Amino acid sequence: MYDLIIIGGGPGGISAGIYASRKKIKTAIIAETFGGQSTVSADIQNWVGTESISGLELAQKLEAHLRAQQGIDIVDGERVAKVEKTDGGFKVETQGGKTLETRTILVASGSRHRRLGVPGEDKFDGKGVVWCSTCDAPLFGGKTVAVVGAGNSGLEAVRDAIPYASKVYLFVRGDSVRGDQQTFEKISKDPKVEVMYGVQVQEILGDQFVTGVKYIDAKANAVKELKLDGVFVEIGSVPNVEFLGDLAKKNDVNALVVDYATQQTSQPGIWAAGDVTALPYRQNNISAGDAIKAVLNINDYLHKNK
Amino acid sequence: MTHNVTIYSTPTCVYCKMAKEFFKKNGVKYTEHDVAADEAARNEMVDKSHQLGVPVIDIDGEIHVGFNRQDLEQSLGLR
């Protein structure tokens, strides 16, 4: 029986692991990988105390810091499948078939790419539908691609595609761009880039690979088709909370509702921090700080409820 | 046992870097093709994997798309 199980290996989970170990809480951390979503970033310039570091390097440093701690059990390469309430706390099952019991849980499982949910998206996954523009943009040399989504990650995907693709469409769902205006101004000046407003993708078309999309042109109120070789989907994220079932309260977009002062969820014994929560601002530093706050509160709770 | 390992990668792909570091750590020799620059290698990768995404790793003819440490360990007989 553990006192604490941390779910997730991003900046939140790792910070929590370090603090839990220093507080001598009997802890296990379950993580599929270490480093979190920014692992794929080419350059991170806002991790406090470090002027510039690649996402991979930061991930490796975080993992090394965690592994240097005493008395914490690290269950890596495993994803949590289910959490159930028990008499004394919770039972956590992994997809690999491991079962662990614990008094408290910190959910720091982050979020993942939101999918379009249109026909063709699954079929052409990896066949022109791209989820990691930094990784795969170089494969579209001389090709025509579209980036769906005009938040910051959409604008960055356009920036990733420009050096390779011959034409880059930016599909904006509404009539304005949500992402950073400076970045937008820069990319929209590039002669390769064409910004299209009021575009709702209906279907991804193709045979062996993507050949185009069918979309609603809201301005013309018409369904149209556009020839494309690649579709980079960047329409935000969804929290990784499925394993919790109905144990804790979520908001309208399935993010865990927490008390900002303590990071407690609606379920006594379960805390949450980072991108999985309904709190605003998705940042490595914030996930780390909020997860530490949670562990300190868990420590108080464990001492009060011996 | 020596394995015949080829990785198809792009210079910006973090998962490719992770895979290469994994090979180095385990003393696995590999051939690398940069499919951003080498179009013939890109076509070869598409032929083998029927998809466009990196990394693609060929271990003795067995094709892996993406970096999954457990799968690679299994294929290389490391676990």
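1. How many bridges join β12(A) to strand β13 of chain A? The count is 7, and the two strands run antiparallel, with β13(A) covering residues 210-217. Helices (H or I, at least four residues) and strands (E, at least two) are DSSP runs, numbered from the N terminus. Two strands pair if DSSP finds at least two bridges between them. Leu205(A) has Gly212(A) in β13(A) as its bridge partner.

2. On provenance: this is a predicted model, in which local features need pLDDT of at least 70 and side-chain atom pairs count only at pLDDT 80 or more, while totals for chains, interfaces and linings use all residues. Residues are numbered from 1 along each chain as its sequence is written, and chains are lettered from A and ligands numbered from 1 in the order in which they are written. The predictor assigns the complex an ipTM of 0.78 and a pTM of 0.84. For chain B the mean pLDDT (the predictor's confidence in each residue, from 0 to 100) is 92, and 100% of its residues reach 70 or more.

3. The pair from point 1 belongs to an open sheet of 3 strands in chain A, ordered β12-β13-β14, with antiparallel pairing. Its edge strands are β12 (199-206) and β14 (222-227) of chain A, each of which pairs on one side only. On average, neighbouring strands of this sheet are turned by 25° against each other, direction ignored. Here and below, axes are lines fitted to C-alpha atoms, for helices over the stretch in contact, and angles run from 0 to 180 degrees between N-to-C directions.

4. Helix α1 (residues 11-22) of chain A has two helix contacts to discuss, with α6(A) and with α2(A). The axes of α1(A) and α6(A) (residues 284-304) come within 7 Å and cross at roughly 35°. The crossing is right-handed; a crossing is left-handed if the near helix is turned anticlockwise from the far one by less than a right angle, and right-handed if clockwise. Residues are in contact if their C-beta atoms, placed from the backbone, lie within 7 Å. On the α1(A) side the contact includes Gly12(A), Ala16(A) and Tyr19(A), and on the α6(A) side it includes Ser287(A), Ala291(A) and Val295(A). By class there are 10 nonpolar, 5 polar and 1 charged residues in this contact. Ala, Val, Leu, Ile, Met, Phe, Trp, Tyr, Cys and Pro count as nonpolar, Asp, Glu, Lys and Arg as charged, and the others, Gly among them, as polar.

5. With helix α2 (residues 55-67) of chain A, the axis of α1(A) comes within 9 Å and crosses at roughly 25°. The two helices are therefore roughly parallel to each other; angles under 35 degrees count as roughly parallel, over 145 as roughly antiparallel, 65 to 115 as roughly perpendicular and the rest as oblique. This crossing is left-handed. Pro11(A), Ile14(A), Gly17(A) and Ile18(A) of α1(A) meet Leu62(A), His65(A) and Leu66(A) of α2(A). The contact holds 5 nonpolar, 2 polar and no charged residues.

6. Helices α4 (residues 152-161) and α5 (residues 181-188) of chain A have axes that come within 10 Å and cross at roughly 30°. That angle makes α4(A) roughly parallel to α5(A), and the crossing is left-handed. Leu155(A), Val158(A) and Arg159(A) in α4(A) meet Thr183(A), Phe184(A) and Ile187(A) in α5(A). The classes are 4 nonpolar, 1 polar and 1 charged.

7. Chain B contains an open sheet of 4 strands in the order β2-β1-β3-β4, with mixed pairing. β2 (31-34) and β4 of chain B are at the edges with a single partner strand each, so one side of each has no neighbour in the sheet. The twist averages 15° from one strand to the next. β1(B) (residues 5-9) and β2(B) run parallel and are joined by 4 bridges, and Thr6(B) has Thr31(B) as its bridge partner in β2(B).

8. β3(B) (residues 56-59) and β4(B) (residues 62-65) pair in the antiparallel sense over 4 bridges. Asp58(B) is partnered by Ile63(B) in β4(B). The hairpin has 2 residues between the strands, and Asp60(B) takes a positive phi near 50°.

9. At the interface, 17 residues of chain B are in contact with 16 residues of chain A. On the chain B side, α1 (14-25) and α3 (69-75) are the elements that give two or more residues. The largest share, 4 residues, comes from α1(B). This side divides into 9 nonpolar, 5 polar and 3 charged residues.

Notes
Two residues are in contact if their C-beta atoms, placed from the backbone, lie within 7 Å.
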